[in-house]
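I opened my notebook to look through a new structure one piece at a time. Here is what I wrote down, in the order in which I looked it up.

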Amino acid sequence: MNARGLVDDVTAQAIDLRWLRDALAPASPYGARRYERIGPFVPGEESLAQTRAQRIAAIAAACGEQRLDAMREIFRNVADASSAIARASMGDLLSDANLLELQRFFDACMRLDGLSSGVAELPPAVDDAVRSCARELELGRAGKFGFYLADAFDESLARARAALASAQAEYDAVTGRASAKLAAQLGREISGSEFIVMRADLAGSLPTGVRVVREAPTYLLCEIDADEAMLAALERRDAFAGAVAAAEEAVRARLTSIVQKHAAALDAAADRFGDADVLVAAARFTLAHRCVPATIVEEPRLEFVDGRFIPLALELEKEGRNFTPISVALHDVCVLTGPNMGGKSVCLRICGEIVLCAAFGIPVPASAATTGLFAEIAWLGVGSEVQGGLLSSFAREVVRLRDVLERGRPQLFVLMDEFARTTTPLEGRALLVAMLRRFAERRACGLSATHLAAVAEAAGVRHFAVRGLRGIPEKPKTSDLAAALETLAASMDYTIEEVTADSAAGSDAIALAALLGLDDALIEEAYVSLE
Amino acid sequence: MHVAVGERLLELSRATGAPSAIVVGTGKNVGKTVAMRAMYEAAVARGLRPGITSIGRDGEAADVGDAQSKPRLFLRAGTIVATARDVLPRSPATEILELSRLTTAAGALVFGRVRADAFYELVGPPTASGLREAIDGILRFTPYAIVDGAIDRIAALAGGTDAVVVACGASASPTMDEAVEDVRALVGRLCVRRYDEREPYLRIEGALTPSRAAECIASKESRQIVVTDPTQIALTGRAALHAMARLRLRCERELRVVAITVASLGRDRAFEPRAFAHEVSKATSLPVFDVYSAEEAA
């Protein structure tokens with residue numbers, strides 16, 4: 001999943017592209033190779049994007065969680081036969097491990113087809129080439145999962161092996177007899193090629209058939225001296241071993257040529273298998289996160305109902321809390337205001353996530369959505385600091401804005417999180433207003449979250465606001481932060497609605513500070529100052 | 001006393017009930033592979049059809065590190081082998097049982113069954129955790145595994161239930177006295193006893209390093225010093241002996257060291273075999289065997 005060009009590193013981090021990429025990652029090496037090559041659909045490819053999302057949703061609906069998980073298990077455990085196919089296509093003789101990789105791949109294709117039978121959106125992985133090669137390799141199946149260049153592949157193999165086994169037995173017998181005779185003469189066991197004889201244990205000279213390798217004052221390092229019978233048996237064994245090697249290579253050559261003949265078709269089967277892995281991963285994601293295919297339109301707009309930012313939803317779920325979905329409708333650049341911790345930044349992330357998913361033809365985390373395809377998704381404001389370097393926070397924001405404007409992508413989706421918050425409110429507001437006007441002129445779509453007042457009216461853009469606290473929540477009795485956050489969440493109305501009045505939106509900052517545990521005297525003084 | 005060394009080593013290892021035996025050494029060329037092969041042959045003679053692997057590379061004709069000739073491993077039909085796929089003999093063909101995702105210096109690890117007697121090179125995973133996985137893999141196909149533990153890689157013993165055979169030899173130390181001290185230090189570490197929960201103890205998180213041991217000695221620590229298992233005692237040679245003499249080193253999980261093998265022949269020197277075995281036996285109080293002379297130290 002290659003989003004380069006659509007988002008840069010800052011935007012990718014802000015909308016947690018890495019999480020999304022991991023969540024959609026296929027399980028097999030075949031899928032991984034396909035996944036790396038997948039890029040976003042671009043404006044003009046709306047129907048392709050929509051078709052892909054619908055295909056994924058259809059797979060999810062047709063298969064259900066259990067079947068998809070069973071397929072994922074196949075992808076996770078499949079052997080990678082790509083290099084075997086490549087080697088065969090170049091005429092390299094395949095090894096037995098290569099042949100097992102191919103057999104495992106064919107088995108996986110067949111099991112996958114068994115599970116995906118009746119799902120029109122997943123074309124069969126098995127074709128004539130797979131069937132034909134699998135049939136040839138079947139003779140080598142050893143046990144449930146193993147492979148052996150079995151005698152059944154060729155009669156001459158069986159004959160050569162029988163002769164070798166007999167020659168090896170003959171050689172073992174000859175050496176065993178010699179070893180046993182020496183052991184009896186020396187009164188000790190002889191194991192291995194070299195052994196020590198202590199001079200003190202030796203009555204007279206060494207028996208015949210022993211060669212001294214090294215002499216020391218108290219012992220002799222010896223080895224068995226091969227006699228003519230032993231050498232003849234060894235020679236016979238080596239000759240039969242050579243015959244076995246030749247017969248085995250002949251079988252490997254025949255099997256390699258079959259794979260070579262079908263190499264192009266097997267490559268195509270590997271690609272289909274990889275595609276299925278990518279689609280199944282996306283379908284599993286769709287089910288796990290209750291996603292739906294968005295309606296993809298040509299205009300630069302975004303509208304969704306009950307959108308969720310999945311990484312945050314999962315984090316909350318771990319703590320036993322619920323994510324409150326939100327709904328937004330944008331066809332232009334708009335301002336978003338609301339209290340601290342009211343979900344403005346999360347709203348921007350949901351927008352980014354939905355637009356990104358739609359661009360890759362993935363069902364989106366909402367109960368319904370309509371969106372255009374964009375040439376660039378740009379995140380400005382908070383989060384830009386991840387770039388680091390010598391520039392101040394403000395300078396980094398400005399440089400990013402300059403770059404986005406200079407690139408001048410025609411269909412731009414822009415997400416601005418408290419742009420220019422690090423300069424004076426007066427000049428920051430002026431810059432924000434000018435920027436929004438520029439984006440509006442360019443018919444960009446997006447949202448600008450801000451605490452600055454009267455920006456929307458001055459820029460001539462629509463204004464959305466988070467409803468905010470339903471009242472001042474009661475401070476929890478303990479200083480437990482989790483309890484404070486729970487109280488806050490229960491009191492916050494995260495609904496986003498278009499507002500007409502462009503008054504300075506309250507941030508509820510003092511109430512939140514109190515809730516989060518600042519001491520009462522300080523809070524009181526803040527309220528006095530405010531009045 | 002002449003004995004069938006391989007059989008005795010196998011007997012002692014299996015008496016622990018462990019499903020695997022690992023041979024570790026005080027250094028290179030101290031007879032680990034010779035000891036392992038003796039055990040292997042004894043196991044085959046008993047009809048055990050054992051599994052076999054190594055940490056890192058072993059079994060090649062010449063040692064990759066110092067080009068010294070190495071014993072080759074002639075494996076019998078029925079043996080389970082875990083080695084790198086790139087060093088599997090092309091012929092006679094091996095039954096490939098499993099393609100592992102573990103990697104070695106010579107490519108991915110495979111588990112195979114020897115179908116016809118042949119020479120094999122063992123190249124196992126280079127890491128302790130990889131070796132443990134390889135042993136577990138072998139035990140899926142056969143009930144008994146024998147492992148060449150390479151050069152003093154005792155970390156591989158952590159987390160396992162193996163019987164341990166320690167190999168020492170003339171190649172690793174310049175004099176017999178030093179060779180005896182080295183094996184005494186290694187065996188002393190590996191044989192650290194389990195701690196007594198009723199007595200005061202100081203639990204060490206991670207490894208007991210030389211500096212931590214020095215601190216304990218300096219502060220005259222009298223409590224039991226407890227590490228997870230003996231592989232966490234990161235002290236060797238004299239430093240280990242010094243610490244063991246002054247501290248009450250203990251562990252949570254004991255290792256099962258069952259025997260020592262001696263190789264009195266080194267590339268550059270040789271020790272008097274019986275004297276060497278005798279001194280090692282005296283210093284360690286464990287059964288000591290000379291594989292070359294087929295003797296057990298008195």
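**Entry 1: terms and a helix in chain B**

I began with two terms: helices (H or I, at least four residues) and strands (E, at least two) are DSSP runs, numbered from the N terminus, and the expected span of a helix is 1.5 Å times one less than its number of residues. I also noted that this is a predicted model, in which local features need pLDDT of at least 70 and side-chain atom pairs count only at pLDDT 80 or more, while totals for chains, interfaces and linings use all residues. Residues are numbered from 1 along each chain as its sequence is written, and chains are lettered from A and ligands numbered from 1 in the order in which they are written.

I then looked up helix H3 (residues 128-139) of chain B, which has 12 residues. From its first C-alpha to its last, H3(B) reaches 17 Å, close to the 16 Å expected at 1.5 Å a residue.

Next I needed a rule for burial: a residue is buried if 20 or more other C-beta atoms lie within 10 Å of its own, exposed if 12 or fewer, and partly exposed in between, with C-beta atoms placed from the backbone. Which residues of H3(B) are buried? I found Leu131(B), Arg132(B), Ala134(B), Ile135(B), Gly137(B) and Ile138(B). Among the elements that cover them are strand S1 (20-25), strand S6 (94-104) and strand S7 (107-114) of chain B.

**Entry 2: a helix in chain A**

I moved on to helix H3 (residues 29-37) of chain A, where Tyr30(A), Gly31(A), Arg34(A) and Tyr35(A) are buried. They lie on the same side of H3(A), because they cover an arc of only 130° around the axis; the arc is that of the directions from the helix axis to the C-beta atoms. On the other side of H3(A), I found Glu36(A) and Arg37(A) exposed. The cover over the buried residues of H3(A) includes H4 and H10 of chain A.

**Entry 3: domains**

I looked up the domains, whose bounds come from an automatic or database domain assignment. Chain A is divided into domain 1 (10-147 + 253-286), domain 2 (153-237) and domain 3 (298-530). The centres of domain 1 and domain 3 of chain A, taken over C-alpha atoms, are 40 Å apart. Their contact takes 24 residues from domain 1 of chain A and 23 residues from domain 3 of chain A, where two residues are in contact if their C-beta atoms, placed from the backbone, lie within 7 Å. On the domain 1 side, the largest share, 6 residues, comes from H4(A).

Chain B is divided into domain 1 (5-184 + 255-296) and domain 2 (192-251). I noted 29 Å between the centres of these two domains of chain B, taken over C-alpha atoms. Here the contact takes 8 residues from domain 1 of chain B and 5 residues from domain 2 of chain B.

**Entry 4: where the chains meet**

How many residues of chain A are in contact with chain B? I found 31 residues of chain A in contact with 33 residues of chain B. Elements that give two or more residues to the chain A side include helix H6 (96-116), helix H8 (155-186) and helix H9 (228-261) of chain A. That side has 18 nonpolar, 6 polar and 7 charged residues; Ala, Val, Leu, Ile, Met, Phe, Trp, Tyr, Cys and Pro count as nonpolar, Asp, Glu, Lys and Arg as charged, and the others, Gly among them, as polar.

**Entry 5: the core**

A nonpolar core is a set of buried Ala, Val, Leu, Ile, Met, Phe, Trp, Tyr and Cys residues joined through C-beta atoms within 7 Å. The largest one has 247 residues, of which Ile354(A), Met39(B), Val164(B) and Val166(B) touch the most other members. Helix H10 (residues 263-288) of chain A gives the largest share of this core, 12 residues.

Most residues other than glycine have a negative phi, and most peptide bonds are trans. I found that the peptide bond from Ser91(B) to Pro92(B) is cis, with omega near -5°. Pro92(B) is in the loop between S5 and S6 of chain B.

Phi of Ser285(B) is near 55°, a positive value in a residue other than glycine. Is Ser285(B) buried or exposed? Ser285(B) counts as exposed, because it has 10 C-beta neighbours inside 10 Å.
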